[in-house]
Amino acid sequence: PKLPTMDVYIVPKHIYEGIEVAEDYEALDGVASGQYSLKEWRSGQDWTMVKNPNWFGRDNGIDQVIFRVFTNGDAMAAALQSGEIDAAHEVPASAFQLLEGDDNIVTVAGMQGGFTQLALNGMAAGVGDGHPALQDLDVRHAIFYSIDRDVLFERVALGIGKVGTTYSPSADPTWIPDLGDENFGYDPARSNQMLDDAGYIDTDGDGIREMPGGGQPLNFRFAQRSESAYGGSLHEFITGWLSDIGIATTISVFDDAQLGEALYSGTYDLFIWGWTPFVDPDPMLSYQTCEQLTTDPETPGSNDSNWCSPEYDALYEQQKVELDPVRRREIVAEMLRLFNRESTYLVLLQDADTQAYRTDRFEGWLQQPAGSGPVLFSNSSPSYANLSVIGAESEPVATQPDGTQPAADSSADGQVIGTANPPTGTDEATESVESSAASDEAATSGESDGGSNTGLIVGIIAAVLVIGGLGIWATRRKQSADDRE
């Protein structure tokens with residue numbers, strides 16, 4: 001069933017046959033099958049794409065696209081307002097709200113399945129030293145009921161995106177089932193009662209519960225991502241709510257590489273990160289199988305919450321070969337409900353790709369998915385081929401798949417796009433964006449992720465993009481230590 005959306009890049013034989021390991025191909029040689037090919041890449045600064053002379057599609061009159069990396073999202077927004085760049089990716093929430101009032105700028109909160117989650121160490125892999133209380137389902141449920149996701153959406157995400165529900169396996173939101181009463185609404189009284197009934201009592205009056213029968217206090221190591229745009233705010237709210245139900249936390253700050261090492265070694269209790277999925281749900285579903293558990297830190301898997309369920313694995317094998325689309329959706333929904341009940345991930349926010357573009361030089365921006373997705377760094381990046389210089393003679397721009405007009409206009413002969421603060425490191429984020437632009441596809445996912453995980457990347461964290469004769473500038477968004485989001 002995954003064949004229609006196989007995310008496989010095609011490389012000429014004479015390029016690939018001399019490479020022993022696929023990962024050794026850096027893709028910096030200008031090979032491209034899309035509208036643009038890579039001309040130059042300066043790590044952590046910018047990269048330039050030029051028109052591919054062998055491109056078979058329409059000529060949109062844009063000869064060059066420059067991606068410029070911004071380390072400050074507010075500076076990126078200011079560059080967009082001044083016309084220094086034509087489009088921006090991963091605009092900070094506060095700047096995004098200001099840009100909404102600019103008559104020359106269109107803002108897009110594009111949804112394509114990305115999410116931010118609180119993860120708990122389930123200890124199934126047998127590696128590491130996670131807190132034993134987290135193996136108790138009552139404790140995990142109590143933690144989830146103590147967190148007010150509506151507040152996080154309004155106060156941290158500033159109402160951009162959506163409130164989290166459960167694990168999102170696809171850019172298509174219809175794969176997420178309706179959880180009904182299993183959606184873990186905010187109910188701290190219920191949390192306290194569950195912990196009391198399970199024997200987690202504060203016996204010494206210090207405000208922190210202990211394991212049943214006394215002994216080890218419920219003090220969890222909470223890993224905070226330094227490369228997260230709002231990780232600090234999320235931690236502040238969540239640690240406060242946990243304290244209200246008698247659970248203490250000790251916060252340590254990690255960059256993405258350090259956090260990845262902690263996850264692979266199992267030396268953590270809680271962490272916040274995120275993912276951006278592929279179009280087909282199979283890859284995201286595979287990350288939570290027992291096969292993806294890390295048993296050796298030198299060969300890490302993607303199952304970063306150390307959870308393992310033979311029932312989930314059996315359902316995964318079923319959906320992987322089920323050709324009836326209705327039945328396959330039923331199986332996937334059953335998997336996601338099971339994963340939600342087991343509760344090693346609490347999806348806090350459904351993340352939006354906050355983008356913005358000017359309307360004075362280019363037109364023809366297309367959202368993907370149509371009507372709800374971003375206009376840049378989507379799974380096939382339709383905007384690049386569809387853009388036109390305003391006032392220039394060219395073929396008419398396309399309509400959205402639903403028959404409506406494109407999402408908006410934008411830059412001019414050369415475009416500049418800005419992105420800010422890549423999640424898994426500037427170099428990795430840049431490489432993903434370069435590959436996606438060169439092949440008219442956006443590199444994707446994982447966060448683990450946000451970091452991100454593997455596949456095509458859709459998000460850029462704190463980055464600015466510029467498209468046009470000058471170029472496009474961008475960065476990407478989060479996930480795993482390698483290619484998470």
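Predicted model: local features only at pLDDT ≥ 70, side-chain atom pairs only at ≥ 80, totals over all residues.
Reader: Fine. Which residue does Arg361 meet in a salt bridge?

Author: The general idea is that side chains of opposite charge can pair when their charged atoms come close. The cut-off here is a side-chain nitrogen of Lys or Arg within 4 Å of a carboxyl oxygen of Asp or Glu. In this model, Arg361 meets Asp86, at 2.6 Å from N to O. Arg361 sits in the loop between β10 (345-358) and β11 (362-365), and Asp86 in the loop between α2 (73-82) and β4 (87-89), so the pair ties together parts that are 275 residues apart in sequence. Asp86 is buried, at 1% relative accessibility.

Reader: How many salt bridges are there in the whole structure?

Author: The search finds 16. One of them joins the side chains of Arg341 and Glu182, at 3.8 Å from N to O. Arg341 belongs to helix α11, whereas Glu182 is in the loop between β6 (162-163) and α6 (188-197), so this pair links parts 159 residues apart in sequence. Arg341 is partly exposed, with a relative accessible area of 32%, and Glu182 is partly exposed too, at 28%.

Reader: What about Asp256 and Arg225: how far apart are they, N to O?

Author: Their side chains meet in a salt bridge at 2.9 Å. Asp256 lies in helix α8 (residues 256-265) and Arg225 in strand β7 (residues 219-225), so the pair ties together parts 31 residues apart in sequence. Asp256 is buried, at 2% relative accessibility, and Arg225 is buried at 5%. There is also a network, in which salt bridges that share partners join Lys51, Asp59 and Asp63.

Reader: You keep naming helices and strands. How many of each does the protein chain have?

Author: The protein chain has 13 helices and 15 strands. They are DSSP runs numbered from the N terminus, with at least four residues (H or I) for a helix and at least two (E) for a strand. Of the chain's 485 residues, 54% count as buried.

Reader: Pick a strand for me. How many residues of strand β3 are buried?

Author: In β3 (residues 64-70), 6 of the 7 residues are buried, so the strand is largely enclosed by the rest of the structure. Its partner is β2 (residues 46-51), and the two pair in the antiparallel sense over 5 bridges (pairing needs at least two DSSP bridges between the strands). To find your way on screen, look for Thr48, which stands opposite Ile66 in β3.

Reader: Now the backbone. Where is the cis peptide bond?

Author: It runs from Gln368 to Pro369, with omega near 0°. Pro369 is in the loop between β11 and α12 (383-386). Phe377 is found in that loop between β11 and α12 as well, and it has a positive phi of about 55° although it is not a glycine. Phe377 is buried, at 1% relative accessibility.

Reader: What is the phi of Met123?

Author: Met123 has a positive phi of about 65°, and it is not a glycine either. Look for Met123 in the loop between β5 (105-120) and α4 (137-145). At 18% relative accessibility, Met123 counts as buried.

Terms used
Residues numbered from 1 in each chain as written. Heavy atoms only, no water. Buried < 20%, exposed > 50% of the residue type's maximum accessible area, 1.4 Å probe, protein only.
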